[in-house]
Amino acid sequence: MNIISLNQVNHAFGGPKLLDGASLQIESGDRICLLGRNGAGKSTLLHLINGDSPPDSGEVIRQQGIKSAYVPQEFPDNWDGTVRSYLDAVLAQENFEAHLAQISIEQTLSQLDLDPEVDLTTLSGGLKRRALLAAALVQEPDLLLLDEPTNHLDIAAICWLETFLLRLRKTLIFISHDRTFTRNLANRIVELDRGQLHDYRCNYATYLERRQDVLNSEDKAWARLDQKLAEEEIWIRKGIKARRTRNMGRVRDLQKLREERRQRRDRTGQVRLQLETGQRSGQMVMETENLHFGYDTHPVIDALDLRIMRGDRLGLIGPNGSGKTTLLKILTEELKPTSGRLRHGTNLQIAYFDQLRDQLDEDRSVKQNIADDHDQVLINGSPRHIYGYLQDFLFTPERARTPVRVLSGGEKNRLLLAKLFTQPANLLILDEPTNDLDMETLDLLEELLLDYQGTVLLVSHDRSFLNNVVTSSLIFDGKGDVEEIIGGYDDWLATQSTVEPIAKKEKAKPAPRKERIRKLSFKEKKELEKLPEQIDELETEQAEIHEKLASPEIYKDGDSALITTLKERLQAIEIELEKTYLRWDELDQIPE
């Protein structure tokens with residue numbers, strides 16, 4: 001069932017149209033991932049769907065009674081007060097009745113496991129994201145719009161969000177460049193490309209195959225058009241014969257071909273990445289022995305012994321605040337360890353990608369940040385014109401002259417990569433380089449790092465990126481312990497006995513030789529067999545209550561007692577479902 005339709009929508013902010021006659025049907029139950037290059041207009045499209053502003057022309061048609069809620073990618077600057085007061089303010093703007101507002105707030109706080117009395121400014125990035133999600137959910141929307149929901153979250157928070165949204169049973173449209181998140185959550189892909197919306201009713205893996213077929217077909221069609229246009233241009237230049245009456249039809253066809261070519265919007269260029277490779281480093285790049293670092297009584301790194309060899313691609317994995325960036329700063333001698341020993345190898349040339357982008361001067365132009373007032377940069381010993389080099393990173397000459405402060409997050413990250421790659425280096429240290437980058441640029445960065453002959457230290461919460469790039473990983477638990485494993489995130493996850501994505505792995509204790517292996521009892525087997533049926537019954541009842549509460553009739557009757565009863569039962573089902581899922585996970589880990 002269509003809940004919102006876009007019909008021939010046009011929208012622009014000067015320059016090429018962000019939406020150019022775009023149409024889309026959004027159906028109940030869809031989990032749509034909205035893809036597109038940085039700056040294509042994805043966030044603008046979400047705002048149009050949410051009704052925040054009208055399109056320049058065309059229609060956005062909403063089914064009667066359908067409500068949407070938008071979750072922004074950035075946290076409001078004016079956040080203050082408690083979580084509860086923030087949610088109260090949100091519902092006051094929506095004119096919710098007081099008693100219904102409180103029921104919705106209590107239900108949402110329980111659902112998201114948020115402390116209502118905690119101050120917003122003290123929350124971690126993951127809990128702030130939950131508060132933003134709560135502000136949307138308390139409005140009881142039919143359609144949830146999420147703009148880069150995984151940005152700046154650690155892997156544990158991303159996995160929690162992924163699981164929560166899968167169980168939420170709401171229609172979703174989300175923007176994300178996290179390929180694993182998209183692969184696990186989306187059941188439909190919509191791509192915004194050159195003002196057009198391309199609808200792929202399939203999962204992400206199938207989308208990649210179908211999209212390549214579409215691009216190949218487009219290339220062939222363009223090649224045929226260009227060839228025909230070239231032939232007709234030769235014909236028209238032959239002179240007077242082309243202007244005879246019997247040939248005027250052919251002249252008009254040529255004019256149509258010219259117009260068609262003029263209006264064609266070529267695809268956005270592909271980023272071209274090339275590293276300035278430094279001298280060959282020594283075989284041993286870095287070595288630490290019994291390294292300690294901490295603040296007061298809180299250890300950040302405790303007794304770390306580490307040896308990094310030339311050619312290693314080492315991933316750093318762990319929750320936000322667990323010490324990943326701190327270790328990078330110690331290894332580059334920006335910070336001194338509390339105790340222990342650090343030794344650098346020979347001929348070390350380091351290029352550092354800083355996640356805070358402190359290396360960029362916001363008030364200077366894109367060009368000045370790379371080449372000051374010079375017109376050329378040296379890449380692998382050869383001079384290149386600065387504008388040509390910046391076009392490799394999709395900066396037009398006009399964009400290259402703009403101040404950095406007006407760039408989007410993705411553009412700033414591309415600029416920092418452009419700056420980084422002008423430096424000769426045999427050790428790349430990349431702290432969150434994947435934030436805000438579109439998927440095509442991520443793919444190219446992956447290929448570059450895989451071909452790179454030097455050594456790479458990489459901090460990222462992008463699971464696919466880690467799995468595809470790194471050869472080994474350091475796992476941070478946030479309490480000072482750092483464990484080294486072979487492989488990427490999935491390789492580490494496979495070694496865990498817990499379902500939590502980044503939970504503390506306790507150090508194994510020697511077990512007695514004749515220890516009995518815990519197995520399911522007869523009673524537990526029967527319980528495990530019944531759990532899927534119980535979950536199905538609960539989810540069916542949950543869906544029925546959602547359907548009743550979504551019906552306008554229940555509110556026309558004015559039976560507030562029934563509405564309260566249904567919402568209380570809905571809250572009880574949420575709690576019961578959570579317990580049932582946890583019990584299922586617990587029993588499923590025990591061998592039969």
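**Close-up views of a predicted model**

View 1. Valine 456 sits in strand 18, which covers residues 455–459. Keep in mind that this is a predicted model. Skip the neighbours within four places in sequence, and valine 456 is in contact with Asp312, Arg313, Leu314, Leu427, Leu428, Leu430 and Leu449. Take Leu430 from that set: it is 26 residues from valine 456 along the chain, yet the two C-alpha atoms are separated by 7.6 Å.

**View 2. Valine 459, another residue of strand 18.** Here we stay on strand 18, where valine 459 also lies. Valine 459 has a relative accessible area of 1%, so it goes down as buried. Apart from neighbours within four places in sequence, its contacts are Leu316, Lys324, Leu328, Leu430, Asp431, Glu432 and Pro433. Leu430 therefore turns up in the contact lists of both valine 456 and valine 459, with contact meaning heavy atoms within 4.5 Å.

**View 3. Helix 13, mostly wrapped up.** Helix 13 runs over residues 409–420, and its end C-alpha atoms are 16 Å apart, which agrees with the 16 Å that 12 residues should span at 1.5 Å a residue. Of those 12 residues, 10 are buried, so the rest of the structure largely encloses this helix. The buried set is Gly410, Glu411, Lys412, Asn413, Arg414, Leu415, Leu416, Leu417, Ala418 and Leu420. What do they pack against? The partners of these buried residues are strand 14 (350–353), helix 10 (366–371), helix 11 (386–391), helix 12 (397–400), strand 17 (427–431) and helix 14 (439–451).

**View 4. Helix 14, one of the partners of helix 13.** Helix 14 is among the elements that the buried residues of helix 13 pack against. From first C-alpha to last, its 13 residues reach 19 Å, close to the 18 Å expected at 1.5 Å a residue. Its buried residues are Met439, Thr441, Leu442, Leu444, Leu445, Glu446, Leu448 and Leu449. Leu449 links back to View 1, as it is one of the contacts of valine 456.

**View 5. Helix 2 against helix 4.** The axes of helix 2 (residues 83–93) and helix 4 (residues 125–137) come within 9 Å and cross at roughly 30°. That makes the two helices roughly parallel to each other, since angles under 35 degrees count that way. Helix 2 passes helix 4 in a right-handed crossing. Tyr86, Leu87 and Val90 make the contact from helix 2, meeting Ala131, Leu132, Ala134 and Ala135 of helix 4. This contact is made up of seven nonpolar residues, with no polar and no charged ones.

**View 6. Helix 4 against helix 5.** Now helix 4 meets helix 5 (residues 155–168), with axes that come within 10 Å and cross at roughly 20°. These two are therefore roughly parallel as well, and helix 4 passes helix 5 in a right-handed crossing. On the helix 4 side, look for Gly126, Arg130, Leu133 and Leu137; on the helix 5 side, for Ala157, Trp160, Leu161, Phe164 and Leu168. The tally for this contact is seven nonpolar, one polar and one charged.

How values were computed. Residues are numbered from 1 along each chain as its sequence is written. This is a predicted model: local features need pLDDT of at least 70, side-chain atom pairs count only at pLDDT 80 or more; totals for chains, interfaces and linings use all residues. Side-chain values use heavy atoms; hydrogens and water are left out. Axes are lines fitted to C-alpha atoms, for helices over the stretch in contact, and angles run from 0 to 180 degrees between N-to-C directions. Helices (H or I, at least four residues) and strands (E, at least two) are DSSP runs, numbered from the N terminus. Angles under 35 degrees count as roughly parallel, over 145 as roughly antiparallel, 65 to 115 as roughly perpendicular and the rest as oblique. A crossing is left-handed if the near helix is turned anticlockwise from the far one by less than a right angle, and right-handed if clockwise. Ala, Val, Leu, Ile, Met, Phe, Trp, Tyr, Cys and Pro count as nonpolar, Asp, Glu, Lys and Arg as charged, and the others, Gly among them, as polar. The expected span of a helix is 1.5 Å times one less than its number of residues. Buried means under 20% relative accessible area, exposed over 50%, partly exposed in between (1.4 Å probe, protein chains only).
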